[in-house]
Amino acid sequence: MPVTVNLPAVLSRLAGGKTAHEASGATLGEVVADLVARFPDLAPRLRDAAGNPYPFVTFYVNDEDARFAGGFGAAVRDGDEVIVVPAIAGG
Amino acid sequence: MAAENGSARPLPELSGDEYLRYGRHLLLPEVGLEGQRRLKGARVLMVGAGGLGSPIGLYLAAAGVGHIGLVEFDAVDESNLQRQVLHGTKDVGRPKLDSARDRLRDLNPKVHVEGYAARLDRTNALELVKAHDLVVDGTDNFATRYLTNDACVLAGRPNVYGSIFRFEGQASVFATAEGPCYRCLYPEPPPPGLVPSCAEGGVLGVLPGLVGLVQATEVVKLLLGVGEPLVGRLLLVDALGMRFRTVKVRKDPRCPACGTRELRELVDYDQFCGVPQAAGAGDEAPVAEILPAELEARLRAGDPLDLVDVREPHELEIARLPGARLAPLSAFDAAIPTFDAGRDVVLFCKGGVRSAKAARKLQKAGFTRVWSLAGGITRWSDDVDPTVPKY
């Protein structure tokens, strides 16, 4: 069940230099777990030590904020697109 | 919104020469004479005259926004000029407020620029925000972003948000009557140190131009009451892939600012963002520092210390210190076994922030003879060897 995960360029260097990745899982949390299993350095940037999402990294499933659909429990389906948007503050 | 504020104040008339100056606006039915009078009657608060604030200020002044309040406490540094187009080479060392005022006055003397030479903080934010129709967030740190957001929510003023890092940017319009706020998007900031600043991580000079002009466009639309504002949407700008896309931002009913409204006044934003109040007051362990002159004397005397550069490999070609080995902060944990606890270790980076972080990692791992070079390569260049470039 491939889902496309789009990382920002700033995190892509922790994921083999690529921004777009295929990952699988029935929930957002499983998709994230699948991705960080391949790129362990990415793990602390996507979830905390307990495996929960951070309040400063927003995950979108098909342009919808996953926080409003159960967080890492949000259901994902084949063909869905996950976008990772960490907080940035430069100006 | 514009109508709301506009109805409280009579719209100013245009003077004869303003018809010519704003002629291309007057030709647009969506702007027209009434729209241009609205712009002239508008009061916009800009927080910051840096990368984002430069294009925002230039275009708002050019467009004829009648009153621009500008909060800025910094001075122009040569390293700003790669992107902060409001300031020129002749302005290096001057307060940004002064150079911004001069430039905007030259661009459009019809516009009143009111400068506030202060840091926006909890004591002045609400009053400043209330005195304007809307706010443009061009700051460069999380504490001021949450402060700006909360002040806008409390005062009922839209917050035109933009932020950038390296090659990517974000923009949105927060804190309108119906829309979400910054806290709905990011309930809490990252801990200090997790996200490097542009001073550490770099930023593509044209990027604040792209994102700042998205903000300026949203300001003009809000003031005119035309188009579809970026309310409830976050624009993501990817300059490398040159992709622009929007995702939804929902108003969070649990948001303490705009949802439950349990946030009734401004808080301590440095504390909220985990910024240490003063040396030793935060959670971070103190780090011993060595001054450049002292390090130079020890190196000259042949002291067998372990001199370690914790910058990233691509920074080596910009500047380097002789005799140093590289152990980048990004992979520092893996490099800890290469250190010898029996030797004095001196860590350095560009400005001293990353080397202090690396020093804490070594201290945590049990090393006691660890020093961070105060001021990094920048201060080394100032105090010891001016042939080492500052960047």
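Predicted model: local features only at pLDDT ≥ 70, side-chain atom pairs only at ≥ 80, totals over all residues.
Angles between axes under 35 degrees count as roughly parallel, over 145 as roughly antiparallel, 65 to 115 as roughly perpendicular, and the rest as oblique. Residues are numbered from 1 along each chain as its sequence is written, while chains are lettered from A and ligands numbered from 1 in the order in which they are written.

Take helix α5 (residues 53-63) and helix α6 (residues 96-107) of chain B: they pack at about 30°, with axes 9 Å apart. (Axes are lines fitted to C-alpha atoms, for helices over the stretch in contact, and angles run from 0 to 180 degrees between N-to-C directions.) So α5(B) and α6(B) are roughly parallel to each other. Who does the touching? On α5(B) the contact residues are Gly57(B), Leu58(B), Ala61(B) and Ala62(B), and on α6(B) they are Ala100(B), Leu104(B) and Leu107(B). (Contact means C-beta atoms, placed from the backbone, within 7 Å.) That contact has six nonpolar residues, one polar and no charged ones. (Ala, Val, Leu, Ile, Met, Phe, Trp, Tyr, Cys and Pro count as nonpolar, Asp, Glu, Lys and Arg as charged, the others, Gly among them, as polar.)

## The sheet in chain B

Five strands of chain B make an open sheet in the order β9-β13-β12-β10-β11, with parallel pairing. (Pairing takes at least two DSSP bridges; helices, H or I of at least four residues, and strands, E of at least two, are DSSP runs numbered from the N terminus.) At the edges sit β9 (289-290) and β11 (325-326) of chain B, each pairing on one side only.

Strand β10 (residues 306-309) of chain B pairs with β11(B) in the parallel sense over two bridges. Val308(B) has Arg325(B) of β11(B) as its bridge partner. Helix α15 (residues 353-364) of chain B lies across β12 (345-348) and β13 (370-373) of chain B, running at about 175° to β13(B).

Chain A has three helices and five strands, running β-α-β-α-α-β-β-β from the N terminus on. Its C-alpha trace spans about 35 × 25 × 25 Å along its principal axes.

How many residues does each chain give to the contact? Chain A gives 18 residues and chain B gives 34 residues. The elements of chain A that supply two or more residues to its side are α1 (9-12), β3 (57-61), β4 (64-65) and β5 (81-86). By class, this side of chain A has 12 nonpolar, three polar and three charged residues.

Definitions and conventions
Contact = placed C-beta atoms within 7 Å.
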